[in-house]
Each structure stands twice: as structure tokens, then as C-alpha cells.
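Please open the model in your viewer and keep the selection tool at hand. The tour moves from one selection to the next.

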Amino acid sequence: MDKKEESIYIIGAGISGLIAAQVLESKGYTPIVIEASSGVGGRVKTDIVDGYQLDRGFQVLLDGYPKAKQYLDYDALQLQSFLPGAQIFKNGKSQTIGDPLRSLKLLLPTLKSSVGTFADKVKILKLNNTLQKQSVEDCFREPASPAGRSKKTTLEYLQEKGFSHEIITDFFKPFFSGIFLEPHLDTSSAMFEFVYKMFGEGMATLPKAGIEAIPQQLKDKLTQTTFRFDSKVKQVDSNLVTLENGEALNADYIIVATEASDLIPNMRGQDIPWKSCDTLYFTIPKMKDRKPLIGLVSDEGAHINNIFNHSVLETEQLGSEDLLSVTVVKQHDVSVEALVAIVTSELSTYCGIKNAKFLKHYRISKALPKLDTLRYDCAPSETQIKENVFLAGDYLLNGSLNAAMISGERAAQGALEKLGHIIETEV
Ligand SMILES: Cc1cc2nc3c(=O)[nH]c(=O)nc-3n(C[C@H](O)[C@H](O)[C@H](O)COP(=O)(O)OP(=O)(O)OC[C@H]3O[C@@H](n4cnc5c(N)ncnc54)[C@H](O)[C@@H]3O)c2cc1C
């Protein structure tokens, strides 16, 4: 059969689905992407509200991600970098710590800060060095202990490394809670090592036009792929995709690039648990002394976990005031109005930010998959779930843009292998 005649359907136009399409196109195929919503991006979306650029949930692209380097054109994205550090708010005071080796601006404040002991600061740099020498795959490898014990939690790992209670509470907890979207650092140390390594090797960045510029760039690269938006899939069988509107599509191969438990009959009940968060946007009067640093609130009782003044970075849309995002990781059962009131008051007490005007709230109930086992990569054949059906999505590996990209690549390679292509991967 001619390559063009193979009907390959990809369900989901998130990062994993877009990468799967690119890999298939590179071998001459013409996939069809079926997407429930009206556009690409999935969890990576940006809205323009009152002239401000609001990402649906605060997230960053770590430019050290190996797969992002392979698939994205960083120059075209006009990536804007954060400083490698954080501003820590505690007891109404603020202090800055960071990596002075990569940003001299952070040398003095880091030396002066009383966050953690001198030994903690040395350990932070030492850990950086150790992880630079380790591969990304090594971060996820199980330790070869006789008991076969799996990786520890991030908290256990930090305690074992001898970090003080203060640096864990004031820096590591809020910083990594904002990334793992859970407040206790229960996440496997595999993910900690991977993310820490990525922070050490590169920068946290945002595209000038907002995070959605990433999937838009991936979409723009596709020239042989057809998109069907506003088309929700109801069921996937070996050679059949059934849409919610009853339409049935015959398929030679299907890649399900989203949670599959609702779609594939023999996967029903295998739902993935998810981690959630709230992101609130506020406009604030222009701040003096603005730096592109993530702000962390380390007071245990606070709802706010981290804040960021987006106006410090160059953005395509410029509102007249500064734009502040606030991430709440802690689980709560308060109404949106009550949460806005709590956060507004905490911005004033903890961060000294007065006159914050609420702009928009996002409740993201399925932000990151809650996974027991984390992996960096998998073999293409491992993505096969049925004769002609393959799975993709970050939930197969770990919750990150890098993992979403790998999973999409592997699922497409799984289908290509079935189509007779020889695929060489290191997995
Ligand atoms: C708040 C937040 C913060 C994050 N922070 C970071 C970060 O800082 N760094 C990082 O690397 N990663 C971060 N992530 C994770 C990253 O965004 C995800 O790992 C990645 O976007 C997942 O892509 P995906 O393709 O696997 O899934 P998704 O983006 O979920 O894509 C799935 C797609 O499938 C579609 N779909 C679902 N069901 C159907 C159906 N029945 N029919 C048709 N289409 C369907 C959906 O509409 C969606 O477009 C964050 C995520 C969130 C939400």
C-alpha cells in the first residue's frame, strides 16, 4: 500500500500527539489528528485577556530538555530566561538565593541571605556537579540494592543528602512543590534528580508569545497532517475510531495521545489519578527592582506556593500594569471568590504586594499525572496496547514536556515498526 493511503489516526493534539505526527510525516505518512477542543496544545495553552498573556497554569520550558532541543526552534520561540534562583518570602521578609556561578547578579544576595546554612549552599553546588556527570536515564534508574528498594521520595533524598531542615522548608519545598504540584515532596527522587539536572544545565524559559507558542510551532511544522478539531472520540477499537457524534472512521493504525482508559474498552477502570492546582492572575502597579525570579512563599500556613511577575520578561502582549501569576498547590475546598480573597490578602502580608487586582482564575484539575513508577523513556513496542493501537502521553513516563515528546516519538515509531520500518533507539 502507498504510504499516503495508510490511514493513521492520532487522537489528541497535545505535545505528544503533535510529535507523533511529525515523526510519521518524516517517513512520508499523512496522519489525521482528531482533537476534542478547538485547537492544538492540550495542557499547553495561552489566553489573551484584557491585553495580557495568560498561560493556562504557570509552567516553564527547561531549555536543557534533550527532546525539546531536538524538536523546537528556540530562536523562533524567542525564549525568555528566568534567573537561576528564587526570591523567598518568609515572615514578611524577602531574600534571594541562586546560582552565582551562572548569574553574577545573584552572588551578593546569595552570600548575604540567611536561607539555609553555608554548608547547604555548598551542598547545592555539589549536587549540581554530581548530577551533571550523570545521564538523564541514570536519574530514573532504580538503585541496584539487594532489597530492590525503589527510589526514595524527594524529601527522603534531601534529608539523606544532609540538607538542613531550614533549606528544605524555605527553598526546596516551595520550589519543587511548584514543579511537582504536590506540597510534601512525595514525588520520587528520580524526578527531582532529572529536574535539578535540567535546571543546572540550562534555564527555565518562556516563549515571548506565551507557552502555547510551543505547540503552535510544532503544528506549523506539519505540512502533511490533517487536523479535525472539535471532534471528541468516544471509542477506539483495533481498526475503528468512533466519534461522539456517531461517525465511525476506519483506521489502519491509531495512536491514542491522551488518557486512554475512557476510550479503549479493555482499559476501562484503569483511570490515572491526577495532581491539580490553581493559577490566579492579578494585575499590580509596576514593581520597582523587578527581576525574573520565581517568588516562593515558604510559610507553611500560606495558600500561595509561588508567584511570578510575567512583565519582567519580554512578552508579545503588553498590558499597562505588571502581570502577576500565583500558583496554589495546596488542596482546599474554598470557593473561587474565597480563594481570590485569601490570595489577595496573602500577597500583601507575605510578599508586600498591595493593590493586586484579580484578573482570572484557572482551576486545573488534571495538571500532572500522579504516577507510582516514573520512567525516562520506553521502547517503541512498549507503547502498543492492541494490534494496531499505540499509546502516547506524558502519563506513560513522567509529567513533563520532555516526556510528552518522547512518548509521542515512541508511539509513532511503534506504528512505523509495524509498517516495516527499522527503528533504531537506544532504549
Ligand atoms: C499547570 C501545569 C504546569 C505544568 N508545568 C510544567 C513545567 O513547568 N514543565 C514541564 O515540562 N511540564 C509541565 N507541565 C506538564 C506538561 O504540560 C505536560 O506534560 C504536557 O503538556 C502533556 O502533553 P500530552 O500530549 O501528554 O497531553 P495533553 O496536553 O493532555 O494532550 C491531550 C490532548 O488530547 C485531547 N483529547 C483528550 N480526550 C480526547 C478525546 N476523547 N477525543 C479527542 N481528543 C481528546 C485533549 O483535548 C488534549 O488536547 C505542566 C502542566 C500543567 C497543566
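Which residue in β12 is the bridge partner of Val-236? Select Val-241, which is that partner in β12. This is a predicted model, in which local features need pLDDT of at least 70 and side-chain atom pairs count only at pLDDT 80 or more, while totals for chains, interfaces and linings use all residues. Residues are numbered from 1 along each chain as its sequence is written, and side-chain values use heavy atoms, with hydrogens and water left out.

Next, select α1 (15-26) together with helix α12 (residues 401-418), where the two axes, come within 7 Å and cross at roughly 40 degrees; axes are lines fitted to C-alpha atoms over the stretch in contact, with angles from 0 to 180 degrees between N-to-C directions. The two helices are therefore oblique to each other, a word for angles that are not under 35 degrees (roughly parallel), over 145 (roughly antiparallel) or 65 to 115 (roughly perpendicular).

Finally, select helix α10 (residues 213-221), where Ala-213, Ile-214, Pro-215, Gln-217 and Leu-218 are buried, that is, under 20% relative accessible area with a 1.4 Å probe and protein chains only.

Conventions
Buried < 20%, exposed > 50% of the residue type's maximum accessible area, 1.4 Å probe, protein only. Helix = DSSP H or I, 4+ residues; strand = E, 2+ residues; numbered from the N terminus. Contact = heavy atoms within 4.5 Å. Pairing = 2+ DSSP bridges.
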